[in-house]
Amino acid sequence: MKMTFRWYGEGRDAISLKYIRQIPGCSGLMGVLDEKAAGEVWEEEEIRAYVEHVHQAGLQVEVIESVNVHEDIKLGLPTRDQYIENYKICIRNLAKYGVKVIVYNFMPVLDWLRTDLAREIPEDGSNSLYFDEKELGNMTPMEVVQRTAAASGGFSLPGWEPERLADLERVMELYKSVDEEKLLENFKYFLDAVIPVCEETGIVMACHPDDPGWPIFGLPRLAHDQEGYDRILALRDSPSNTVCLCTGSLGSNVQNDIPAMIRHFGRRNRIGCLHVRNVKHLGSDRCFRESSHLSADGDLDMYEIMRAVYETCPDTYIRPDHGRMIWDEVGRPGYGLYDRALGIAYLNGLWEAISKNERAK
Ligand SMILES: [Mn+2]
């Protein structure tokens with residue numbers, strides 16, 4: 001298992017690479033070039049400069065997140081072919097600099113969604129990302145997005161980049177003719193084009209789940225349970241077509257048995273990487289907050305999760321996912337240093353105990 005940390009880049013992330021290097025047992029990043037719009041080519045020179053900079057700090061960068069899929073690809077518009085060609089160039093360019101895994105998602109229009117980015121946890125005065133479907137009420141997607149942008153403290157959030165949102169209403173309209181089957185068809189068209197390039201370059205595509213893990217605003221969504229992922233993997237049967245198993249996103253849906261899902265996809269060699277965090281449901285299946293990583297603080301059993309990883313995909317990449325904001329840290333919601341570093345220490349502790357116990361058997 002390779003423990004990593006999400007980092008947004010120099011000048012875009014308040015956390016320095018030096019701090020990340022100082023987290024015990026953290027060997028690298030899941031990197032982001034989030035100044036790039038979906039569909040744009042990531043030039044070789046930009047990737048080289050980025051990777052070398054990370055290496056100089058003593059960290060690896062074998063996983064890249066948020067090579068975003070252009071909306072025209074998901075919609076199946078005639079313009080998709082140009083964006084798919086650009087995506088293939090990105091894959092080739094990233095492979096040249098040692099990248100092994102690309103995390104992406106195929107969610108229409110909206111990436112992850114919360115109704116509060118800093119909901120206080122009454123027990124200890126920290127705060128975290130929070131979702132309550134009731135609070136969505138009669139809000140339109142535009143209202144939700146504007147509210148999220150206003151509350152994000154000047155940072156752009158993954159999936160909420162202003163340039164993507166400019167024509168939100170137009171895109172929502174286009175999706176009226178795209179149902180689940182049509183979206184699957186468009187997904188297959190994309191995978192049929194990019195997976196051969198991945199196979200050739202030794203990269204795996206890791207599809208991040210829907211968050212929250214069910215359809216929102218009547219938009220079709222495909223990646224929020226085992227059955228849905230089975231369908232996605234069957235679209236193109238290849239070791240390069242994999243899951244980014246995000247325990248928190250999948251765990252938002254109380255129907256999902258996360259350790260069982262890890263075993264199911266891990267045994268088939270279809271886990272590209274994992275995001276590991278905990279969630280706590282609050283009085284309803286559709287209301288939850290992001291808790292600390294500790295099993296006792298949330299609904300997920302982190303020991304069972306790490307054991308499933310140990311048993312079925314022990315060489316994978318893991319990172320802690322969103323953390324709470326604690327110790328008065330100011331930063332990007334969900335992506336502070338302190339609670340995520342605590343998450344790493346805890347997950348590494350579980351890993352050491354599980355490995356030693358297994359080896360002693
Ligand atoms: Mn995630």
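How far apart are the end C-alpha atoms of helix H14, and what span should its 23 residues have? The legends below take up this question and others, using a predicted model.

Figure 1. Helix H14 spans residues 338-360. The end C-alpha atoms of H14 are 33 Å apart. At 1.5 Å a residue, its 23 residues should span 33 Å, so the two values agree. Several residues of H14 are buried: Asp339, Arg340, Ala341, Gly343, Ile344, Leu347 and Leu350. An α-helix has 3.6 residues a turn, so residues three or four places apart point the same way. Along the principal axes, the C-alpha atoms fill a box of roughly 55 × 50 × 40 Å. Buried residues account for 45% of the 361 residues. Take the contacts between residues at least 6 apart in sequence: 74% of them join residues at least 24 apart.

**Figure 2. Eight strands close into a barrel.** The order is S1-S2-S3-S4-S7-S8-S9-S12, and the pairing is parallel. From one strand to the next, the twist averages 30°. Zoom in on S7 (residues 204-207) and S8 (residues 241-246). These strands run parallel and are joined by three bridges. Which residue of S8 stands opposite methionine 205? That residue is asparagine 241. Helix H9 (residues 180-201) packs on the sheet and touches both S7 and S8. The direction of H9 makes about 135° with that of S7.

**Figure 3. The largest nonpolar core has 89 residues.** Which residues touch the most other members of this core? They are Ile102 and Ala206. Helix H9 supplies the largest share of the core, with seven residues. Now look around isoleucine 102. Leaving out residues up to four places away in sequence, isoleucine 102 touches Ile64, Val67, Ile91, Leu94, Ile203, Met205 and Ala206.

**Figure 4. Four strands form an open sheet.** Their order is S5-S6-S11-S10, and the pairing is antiparallel. Which strands stand at the edges? Strand S5 (116-120) and strand S10 (279-281) do. Each has a single partner strand, so one side of each is left without a neighbour in the sheet. The twist averages 40° from one strand to the next. Inside the sheet order, S6 (residues 127-132) and S11 (residues 287-290) run antiparallel, with three bridges between them. Aspartate 132 has cysteine 287 in S11 as its bridge partner.

**Figure 5. Glycine 76 sits in a loop between two helices.** Those helices are H3 (71-75) and H4 (80-96). Is glycine 76 buried, exposed or partly exposed? It has 17 other C-beta atoms within 10 Å, so glycine 76 is partly exposed. A residue needs 20 or more to be buried. Setting aside neighbours within four places in sequence, glycine 76 is in contact with Lys182, Glu185, Asn186 and Tyr189. Phenylalanine 190 is 114 residues away along the chain, yet its C-alpha atom is 9.1 Å from that of glycine 76.

**Figure 6. A cis peptide bond joins aspartate 211 and proline 212.** Its omega is about 0°. Most residues other than glycine have a negative phi, and most peptide bonds are trans. Where is proline 212? It lies in the loop between S7 and helix H10 (226-235).

**Figure 7. Asparagine 269 and aspartate 328 have a positive phi.** For asparagine 269, phi is about 60°, although the residue is not a glycine. Its place is the loop between helix H12 (258-267) and S9. Asparagine 269 has 12 other C-beta atoms within 10 Å, so it is exposed. Aspartate 328 is not a glycine either, and its phi is about 60°. Aspartate 328 lies in the loop between S12 and H14. With 8 other C-beta atoms within 10 Å, aspartate 328 is exposed.

Terms used:
Residues are numbered from 1 along each chain as its sequence is written. This is a predicted model: local features need pLDDT of at least 70, side-chain atom pairs count only at pLDDT 80 or more; totals for chains, interfaces and linings use all residues. Two residues are in contact if their C-beta atoms, placed from the backbone, lie within 7 Å. Two strands pair if DSSP finds at least two bridges between them. Axes are lines fitted to C-alpha atoms, for helices over the stretch in contact, and angles run from 0 to 180 degrees between N-to-C directions. A nonpolar core is a set of buried Ala, Val, Leu, Ile, Met, Phe, Trp, Tyr and Cys residues joined through C-beta atoms within 7 Å. The expected span of a helix is 1.5 Å times one less than its number of residues.
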